[in-house]
Amino acid sequence: MQQAVYLDNAATTPVDPRVVEAMLPYLKGDFGNPASGTHAYGQVAARAVERAREQVASLLNADTSEIAWTSGATESNNLAIKGAAFANAKRGRHLITVATEHKAVLDTMHWLETQGYTVTFLAPERNGLISLNKFEAALRDDTVLASVMLVNNEIGVIQDVAALGNICRARGTLFHVDAAQATGKLPIDLATLPVDLMSLTAHKTYGPKGIGALYVRRGVAVDCQMHGGGHERGLRSGTLPAHQIVGLGECFDLARREMNAEVPRVRAQRDRLWAALRELPGVRLNGDFGARVAHNLNIGIADCELPLSSLTDVAISSASACILGQASHVIAALGGDDVSTVLRITVGRFNTDAEIDFAASYLRGKIAACRANAEHKAAWTV
């Protein structure tokens with residue numbers, strides 16, 4: 001293999017060439033500002049933006065009026081959590097989230113603690129899933145918002161957001177869901193799901209980086225966090241990047257049309273890789289296997305300190321790309337401190353069976369060599 005096999009699709013995905021083609025006109029001749037409605041340049045851009053809004057809403061079975069553009073899931077999480085907390089502060093100042101959430105949620109919650117809010121950080125079960133009973137018990141009369149991600153970005157487990165949302169709805173608590181890792185991986189129907197706020201991004205779904213959206217159910221109050229022009233119905237100011245928005249719309253439209261065929265193929269490749277690795281001693285799966293997105297494989301390896309820098313022929317990670325080399329708080333929350341190495345392997349749209357077979361053989365060889373080297377060093381120290 002001349003180039004490393006890319007198996008880090010949870011960190012980011014390559015932009016689908018069809019998405020690039022859709023974006024290009026808005027980087028060239030159709031470069032207008034969507035807010036400049038007095039001339040054709042702006043009108044063309046505005047129509048493209050609204051078509052993309054329809055594409056996003058269609059994937060989620062939502063209304064276009066409920067979709068607001070942001071710069072990505074991190075901003076969407078901040079806007080949803082801070083905006084809802086501040087807008088509903090008179091009702092209460094207690095928030096709930098999970099210890100395995102993305103840092104964009106956890107750090108936002110920690111910041112709100114400095115602003116006089118109280119946050120309950122729930123520990124998941126050993127399989128990464130939340131106990132519904134523990135979640136319900138954590139709700140208080142002054143709980144204004146709970147935030148739970150649909151698909152965990154490291155271990156890929158799928159939380160039962162329908163059940164969690166129903167618990168929140170019964171108690172009058174707003175429910176926010178980070179769905180950055182879920183779009184194109186599993187169906188999302190916001191006409192039936194009891195979700196009030198949902199964070200979205202393009203670059204996990206074969207779209208461009210730097211663009212995302214926030215779903216805000218009609219009637220939900222959210223205070224603006226970025227001022228300066230009143231764009232997006234006053235929810236988020238800033239000149240709309242039409243080319244990126246078109247890319248988000250196109251990649252979500254492709255996900256809607258192709259997900260039913262793509263997911264089984266990706267799952268088969270993931271399972272093929274897992275079948276080759278699970279035979280090795282001391283290799284275990286992190287997180288529940290049944291309640292898991294099709295592309296994710298997160299494994300712990302005992303008695304083998306395998307630096308990622310040594311895996312030059314495969315591109316994988318050990319944790320979220322957003323925590324800058326820190327140890328995984330997700331694996332720690334699962335009680336995974338007894339493993340020497342954690343590998344997050346995420347298959348994607350453009351991986352081939354040949355690449356999967358190569359990666360399986362390559363990783364098996366690297367693990368075996370790592371253990372042989374450890375045994376050799378141990379023999380010399382005796």
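Modeller: Let's begin with a cut-off: a residue is buried under 20% relative accessible area, exposed over 50%, and partly exposed in between. Glu 258 has a relative accessible area of 24%, so Glu 258 is partly exposed. Keep in mind that this is a predicted model.

Colleague: Okay, which residues does Glu 258 join up with in a network of salt bridges?

Modeller: Here's the general idea: side chains of opposite charge can pair when their charged atoms come close. In this model, Glu 258 is linked with Asp 16, Arg 18, Glu 262 and Arg 349 in a network of salt bridges. Take the side chains of Arg 18 and Glu 258, which meet at 2.6 Å, N to O. That pair links distant parts of the chain, with Arg 18 in helix α1 (residues 17–23) and Glu 258 in helix α7, 240 residues apart. Arg 18 also forms a salt bridge with Asp 16, at 2.9 Å from N to O.

Colleague: Are those last two, Arg 18 and Asp 16, buried or partly exposed?

Modeller: One of each. Arg 18 comes out at 36% relative accessibility, so it counts as partly exposed, while Asp 16, at 2%, counts as buried.

Colleague: How many salt bridges turn up in the whole structure?

Modeller: A search finds 19. Another one to look at joins Arg 53 and Glu 232, with the closest N and O atoms 2.8 Å apart. Arg 53 sits in helix α2 and Glu 232 in the loop between β8 and α7, so this pair ties together parts that are 179 residues apart in sequence. Both Arg 53 and Glu 232 are buried.

Colleague: Since you mention helix α2, how do I check the length of a helix?

Modeller: Multiply 1.5 Å by one less than the number of residues. Helix α2 (residues 40–60) has 21 residues, so it should span 30 Å, and its end C-alpha atoms are 31 Å apart, which agrees.

Colleague: What do the buried residues of α2 pack against?

Modeller: They pack against β2, β7 and α7 (242–277). Among those buried residues are Gly 42, Ala 45, Val 49, Arg 53 and Leu 60.

Colleague: Now the sheet. What is the order of its strands?

Modeller: The order is β2-β8-β7-β6-β5-β3-β4, in an open sheet of seven strands with mixed pairing. The edges are β2 (67–70) and β4 (118–122), each of which pairs on one side only. From one strand to the next, the twist averages 20°.

Colleague: And how does β7 pair with β8 and with β6?

Modeller: With β8 (residues 212–216), β7 (residues 197–201) pairs in the antiparallel sense over five bridges. With β6, the pairing is parallel, over three bridges. Met 198 shows both sides: its bridge partner in β8 is Tyr 215, and Met 198 is also the partner of Val 177.

Colleague: Which residues of β7 are buried on each side?

Modeller: Leu 197, Ser 199 and Thr 201 are buried on one side, and Met 198 and Leu 200 on the other.

Colleague: Could we finish with a loop? Where does Thr 100 lie?

Modeller: Thr 100 lies in the loop between β3 and α4. With a relative accessible area of 3%, Thr 100 is buried. Leaving aside neighbours within four places in sequence, its contacts include Pro 124, Met 149 and His 329.

Key:
Residues numbered from 1 in each chain as written. Predicted model: local features only at pLDDT ≥ 70, side-chain atom pairs only at ≥ 80, totals over all residues. Heavy atoms only, no water. Pairing = 2+ DSSP bridges. Helix = DSSP H or I, 4+ residues; strand = E, 2+ residues; numbered from the N terminus. Axes fitted to C-alpha atoms, helices over the stretch in contact; angles between N-to-C directions. Buried < 20%, exposed > 50% of the residue type's maximum accessible area, 1.4 Å probe, protein only. Contact = heavy atoms within 4.5 Å. Salt bridge = Lys/Arg side-chain N within 4 Å of Asp/Glu carboxyl O.
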